[in-house]
Amino acid sequence: MTETELRERLLAILGGIAPEAREIDIDPEQSFRDQLDIDSMDFLNFVTAVHKQLGVPIPELDYPRLASLNGAVQYLLPKLPH
Amino acid sequence: MADFVMPSLGSDMESGTLVEWRIKPGGRVRRGDIVAVVETQKGAIEVEIFDSGVVESLVVEPGTEVPVGTVLATVRSGDEPAATEAPVASAVARPAPPPAPEPARPAPAAAPKAPPAAARPAPTAGAAPPPVSAVPTAAPATRLRASPAARQRATALGIDLSTLTGSGPGGAITLADVEAAPAKQPARAPRASPSVRQRALELGVDLGQITGSGAKGAITVADLARAAAGAQQAKSAPARPPAAPFEPDAMRRAIAAAMTRSKREIPHYYLATTVDFEPALRFVERVNAQRDPEQRLLYAVLLLKALALALKEVPELNGFWRQDRFEPSAAVHVGVAVSLRRRGLIAPALHDVADKDLDTLMMQLKDLVQRARVGGLRSSELTDTTITLSSLGDNGVETLYPIITPPQVAVVGAGSVVRRPWVVGEGLAVRRVVTLTLAGDHRVSDGHRGALFLAALERLLQKPEEL
């Protein structure tokens with residue numbers, strides 16, 4: 001998976017959890033939480049979907065690294081199976 | 001025979017639109033089955049039935065908006081013989097139980113599910129008649145022919161159109177037919193005691209508009225009081241357009257109506273205490289470290305379970321205030337305030353919280369939040385809540401001051417988890433803490449009892465492994 005594909009996949013997952021994510025331009029540097037009306041249940045659903053779809057283990061301690069789009073890409077890309 | 005009526009899905013609901021039937025005439029239903037989908041300001045709700053039996057008839061057609069209490073369907077209990085007459089459609093037209101069988105009308109073998117339009121009860125006093133557009137335009141073939149004016153007049157008078165003979169073109173029922181009808185109509189007095197009738201006269205309430213909750217559908221003083229209050233509310237409420245399937249303004253209005261009632265009727269007291277949340281959070285983190293994301297817990301389930309257990313010690317916070325008295329509830333059904341993002345807020349109940357383990361609660365909480373947001377909440381989840389938990393999660397502020405949702409008598413708030421300097425033994429430490437608040441109904445409890453509850457909650461949260 002290329003970095004572009006990964007970004008698109010993450011945005012699609014996010015849109016499935018917080019529909020307003022499809023309507024706005026997500027700032028990749030800013031946290032999802034600051035841009036979208038998501039709560040801890042939404043974030044757990046996001047992490048669950050990312051784990052299921054990409055097969056990457058995501059310990060709870062690493063949650064802060066997935067807080068923004070850029071952060072998530074940097075965290076997940078090296079862990080993706082090649 | 002039992003009537004299945006448009007339920008009140010919250011103290012603020014006046015009417016709902018039947019969207020879909022999940023049952024057919026002749027089909028069996030059991031208590032708790034989902035039988036219909038109703039659209040309200042809170043979205044589409046799956047409505048459960050309280051009686052078991054066989055569906056006798058579907059009275060209201062999908063697409064129709066009707067007031068709370070309107071008969072939607074009739075259900076025959078297992079041992080009742082099948083009715084030989086078409087069921088009488090509405091609460092308005094409900095006859096006193098006949099001493100002898102009524103003259104046979106066409107058997108309901110192929111019972112059309114389309115009711116005569118006139119079967120819809122008249123609007124509550126002071127309200128505008130239901131919009132004509134509520135009458136589906138694509139009428140089934142069995143539909144009675146009647147002019148719109150005749151239907152509207154029949155609705156207002158509570159006359160069953162199927163009892164009339166039309167004099168218009170093709171046997172259509174005209175306005176004149178309806179006007180002429182009352183004289184011919186048998187007296188269909190609602191069941192009510194003389195004192196109730198007297199009181200209804202004083203209040204200016206039409207008994208024909210009320211669904212009785214007493215024996216054999218008799219109208220009780222409480223039914224009357226509710227109807228009078230409803231009429232009052234309808235009079236003072238600003239005129240509003242016919243309800244759209246969903247629009248945010250309607251939900252805001254519904255929330256405002258419930259909270260206005262709460263603030264007007266409930267003498268609130270408020271308590272707050274900040275508790276050391278470190279043990280609870282560490283417990284959750286320890287559990288989650290061993291699990292894939294889909295099995296992980298949110299700390300909210302610890303709050304839910306601890307809240308339910310703490311209520312065992314202060315039961316007067318759990319239940320309903322109805323008809324001027326407190327009805328305690330043995331079961332703890334906790335309403336969980338769920339943000340619908342830009343669309344508002346809803347607090348469906350998680351049932352029997354005290355009896356479930358944390359994993360079960362987590363699974364059900366996920367499901368509940370999901371259904372709250374995409375639709376598919378069940379009627380019981382909106383009507384049997386015994387107490388509410390409002391948690392702002394990590395997005396909010398340290399302290400929230402919640403407002404009780406009637407007819408509940410308490411609400412618990414949880415602010416955001418924050419790191420604070422905290423005294424542990426004789427020293428100072430950095431701990432994650434959360435501020436828990438309680439709003440209680442002074443008619444039922446007081447600050448002393450409320451404080452005992454918060455103390456129990458704090459104590460339970462210090463030993464999360466025992467929850």
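# Exercises on a predicted two-chain model

Just after helix H8 of chain B, B:Gly375 takes a positive phi of about 100°. The structure is a predicted model, and the exercises below work through parts of it.

## Exercise 1. A helix and its ends

Task: Find what caps the N-terminal end of H8(B), and compare the length of the helix with the expected one.

Solution. Begin with the extent: H8(B) covers residues 358–374, which is 17 residues. The distance from its first C-alpha to its last is 24 Å, close to the 24 Å expected at 1.5 Å a residue. Next take the N-terminal end. The cap there is B:Asp357, with a side-chain oxygen 3.2 Å from the backbone nitrogen of B:Asp359. Then look at burial, for which the cut-off is under 20% relative accessible area. Among the buried residues of H8(B) are B:Leu358, B:Leu361, B:Leu365 and B:Leu368, and also B:Arg371 and B:Arg373.

## Exercise 2. An open sheet

Task: Give the strand order of the open sheet in chain B, then describe the side chains of S1(B).

Solution. The sheet has 4 strands in the order S1-S8-S6-S3, with antiparallel pairing. Strand S1 (2–5) and strand S3 (28–29) are its edge strands, as each pairs on one side only. S1(B) pairs with strand S8 (residues 71–76) over 4 bridges. In S8(B), B:Val75 is the bridge partner of B:Ala2, and B:Ala73 is that of B:Phe4.

For the side chains, recall that in a regular strand they alternate between the two faces of the sheet.

## Exercise 3. A pocket

Task: Describe the second largest pocket by its volume and its lining.

Solution. The volume is about 860 Å³. The lining has 25 residues, and those nearest the centre are A:Glu60, A:Tyr63, A:Pro64, B:Glu285 and B:Asp394. Helices H2 (32–35) and H3 (40–54) of chain A, with helix H6 (278–289) and strand S19 (418–424) of chain B, each give two or more residues to this lining. H6(B) gives the largest share, 4 residues. By class, the lining of the second largest pocket divides into 17 nonpolar, 2 polar and 6 charged residues.

## Exercise 4. Backbone geometry in loops

Task: For B:Gln323, B:Asp352 and B:Pro407, name the loop and the backbone feature.

Solution. B:Gln323 lies in the loop between strand S10 (319–322) and strand S11 (325–328) of chain B. Its phi is positive, about 50°, although it is not a glycine. B:Gln323 is exposed, with a relative accessible area of 58%.

B:Asp352 is in the loop between strand S15 (349–350) and H8 of chain B. B:Asp352 also has a positive phi, near 50°, and is not a glycine. B:Asp352 is partly exposed, at a relative accessible area of 27%.

B:Pro407 sits in the loop between strand S17 (387–391) and strand S18 (410–414) of chain B. The peptide bond from B:Pro406 to B:Pro407 is cis, with omega near 5°.

Notes:
Residues numbered from 1 in each chain as written. Chains lettered and ligands numbered in written order. Predicted model: local features only at pLDDT ≥ 70, side-chain atom pairs only at ≥ 80, totals over all residues. Heavy atoms only, no water. Pairing = 2+ DSSP bridges. Expected span 1.5 Å × (residues − 1). Buried < 20%, exposed > 50% of the residue type's maximum accessible area, 1.4 Å probe, protein only. Polar contact = N/O pair within 3.5 Å; in protein donor to acceptor, adjacent residues only side chain to side chain. 1 Å grid on protein atoms, 1.4 Å probe; cavity = no way out; pocket = protein on both sides within 12 Å on 5 of 7 lines; lining within 4 Å. Points joined across faces, edges and corners; volume = space filled by probe spheres on them. Nonpolar A, V, L, I, M, F, W, Y, C, P; charged D, E, K, R; others polar.
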